[in-house]
Amino acid sequence: MTQQCLANAKLATLAGDGYGLVAAGAVVTEGERIVWAGPESALPPAHAHIPRRDMGGRLVTPAPIDCHTHLVFGGDRAREFALRLEGASYEEIARAGGGILSTVKATREADEATLLARALPRLDALITEGVTTLEVKSGYGLDLETELRMLRVARRLADERKVRIRTTHLCAHACPPQYAGRKDAFIDEICIPSLRAAHAEGLVDAVDGFCEGIAFDTEQIARVFDTARALGLPVKLHAEQLTHQGGTALAASYGALSADHVEYATEADARAMAESGTVAVILPGAFYTLHEKQLPPIAAFREHGVPMALSTDCNPGSSPLTSILLAMNMGCTLFRLTPAEALRGVTVNAARALGLDDCGRIAPGLRADLAVWDVDDPAELAWRIGFNPLHERIFGGVSC
Ligand SMILES: [Zn+2]
């Protein structure tokens, strides 16, 4: 197995509560795994023979993980963006064929090759910033066939690029027009059968829903979660984004991996999340795009020890964002996260939001998914806007 020793590096291992810095550090990898990390002066004799690769004093972190994306979709919403800025109302945009249903229509019309070709540039933008693991959701099909096609395309991304993909079934995302006023029927006739079919095909790593006045209520989401539980699949939920609906408490009661957005979550929700080990996934791109005003309860999350992750929420409507570094900056600027919280949010806590315990930190036994940055201080990663200091991306021990 290929062994390498990254030497003369500043390590942010993410051990403990902060960066877990090691000033003059080294990382030894063997094949896909990290076998040793620590101060270079303490390198064990067993690893002394491995040729050292000089990192020039650069910062080495776990590679970023984007734990909440809708990366696969058809069409775009640029025209709608323009219309809105020209003063069109939501109703006018909907009448002109805009909104989420326009993405549903375009996604249904796109074949697998088209969806893949459209998703790859977005994936490449994330890879350029060092991302090695990302989550991709379905949810723009809202019918069995298209939900499955989206998830197949998501899986194929890992054949096309050196990246790890986690797939999430999100059929309970929006109610299509033919089920208007019959959301329960949509859950029973489409969401649950498509979840079973996607699971049978091995396409589902987790199950998600959108709990909101404009989407589904807690009882409808609970029926989807009950099916997920019966299939042995973990759950997560878009919750408390625009109003307080009780989705976070529901998610916590199912031991959800994460509750995402959570702007309207309460202190009681934070306590419930802490007890269930549910990660709060903070999505500043959507907050920014929608000009939201309600800040997520960051102080309550801190006080109760709720792990916070940060993600792009890459999607064509509310967050057309494909920069994990900008998500970090926005998390700090809009939500007052510290730069250390922002880095933890795209590494150790993002891994946890995906139910992964083999990445997101620099420690023996974990995957050698690393990012080498041309920065002196780790806070620089969240500080700059529109600047990419990535020097090298390492995926499973291989520089790529
Ligand atoms: Zn989302």
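## Zinc site, sheets and domains in a predicted model

The site of the zinc ion is irregular, with angles of 81 to 167 degrees among its 4 donor atoms. The model is predicted: local features need pLDDT of at least 70, side-chain atom pairs count only at pLDDT 80 or more, and totals for chains, interfaces and linings use all residues. Numbering runs from 1 along each chain as its sequence is written, and side-chain values use heavy atoms, with hydrogens and water left out.

### The zinc ion

The protein donors are H68 (NE2), H70 (NE2), H238 (NE2) and D313 (OD), at 2.1 to 2.6 Å from the zinc ion. A donor here is an N, O or S atom within 2.8 Å of the metal (3.2 Å for Na, K and Ca); water is not among the atoms, so sites may look incomplete. Along the sequence, the donor residues follow the spacing H-x1-H-x167-H-x74-D. H68 sits in the loop between β6 (65–66) and α1 (78–85), and H238 in strand β10 (residues 236–239), so this pair ties together parts that are 170 residues apart in sequence. Helices (H or I, at least four residues) and strands (E, at least two) are DSSP runs, numbered from the N terminus.

Buried means under 20% relative accessible area, exposed over 50%, and partly exposed in between (1.4 Å probe, protein chains only).

### The parallel sheet

An open sheet of 8 strands runs in the order β6-β7-β8-β9-β10-β11-β12-β13, with parallel pairing. Strands pair if DSSP finds at least two bridges between them. β6 and β13 (308–310) stand at the edges with a single partner strand each, so one side of each is left without a neighbour in the sheet. Strand β12 (residues 279–282) runs parallel to β13 and is joined to it by 3 bridges. There, A280 has M308 as its bridge partner.

Most residues other than glycine have a negative phi. H261, in strand β11 (residues 258–261), has a positive phi near 85 degrees. V262 lies in the loop between β11 and α9 (267–276), and its phi is positive as well, near 50 degrees. H261 is buried at 2% relative accessible area, and V262 is buried at 0%.

Strand β1 (residues 3–12) has 7 of its 10 residues buried, so it is largely enclosed by the rest of the structure. Its pairings are listed below.

| Partner of β1 | Sense | Bridges |
|---|---|---|
| β2 (residues 21–30) | antiparallel | 7 bridges |
| β4 (residues 52–54) | parallel | 3 bridges |
| β5 (residues 59–62) | parallel | 2 bridges |

C5 stands opposite V28 in β2. In β4, the bridge partner of C5 is R52. L11 pairs with V60 in β5.

V28 also meets H47. H47 contacts V28, V35 and W36, leaving aside neighbours within four places in sequence. Contact means heavy atoms within 4.5 Å. H47 lies in the loop between β3 (33–39) and β4, and is buried at 15% relative accessible area.

### Helices

Helix α3 (residues 100–109) has S102, T103, V104, A106 and T107 as its buried residues. Their cover includes α1, α4 (112–128) and α5 (144–160).

N349 is in helix α14 (residues 348–353) and is buried at 11% relative accessibility. Beyond its neighbours within four places in sequence, N349 contacts V279, P307, M308, A309 and R344. Its C-alpha atom is 9.5 Å from that of R361, which is 12 residues away along the chain.

### Domains

The domain assignment gives domain 1 (3–62 + 361–399) and domain 2 (65–354). These bounds come from an automatic or database assignment. The contact takes 26 residues from domain 1 and 22 residues from domain 2. Their centres, taken over C-alpha atoms, are 30 Å apart.

An unreviewed UniProt entry annotates residues 60–378 as "domain: Amidohydrolase-related". UniProt positions follow the numbering used here, feature names are shortened, and annotations may be inferred rather than shown by experiment. Over residues 60–378 the chain is 45% helix and 14% strand, with the end C-alpha atoms 9 Å apart.

Note on methods: Four donors count as tetrahedral if all angles lie between 85 and 135 degrees; four count as square planar and six as octahedral if opposite donors are over 155 degrees apart and all others between 65 and 115; anything else is irregular.
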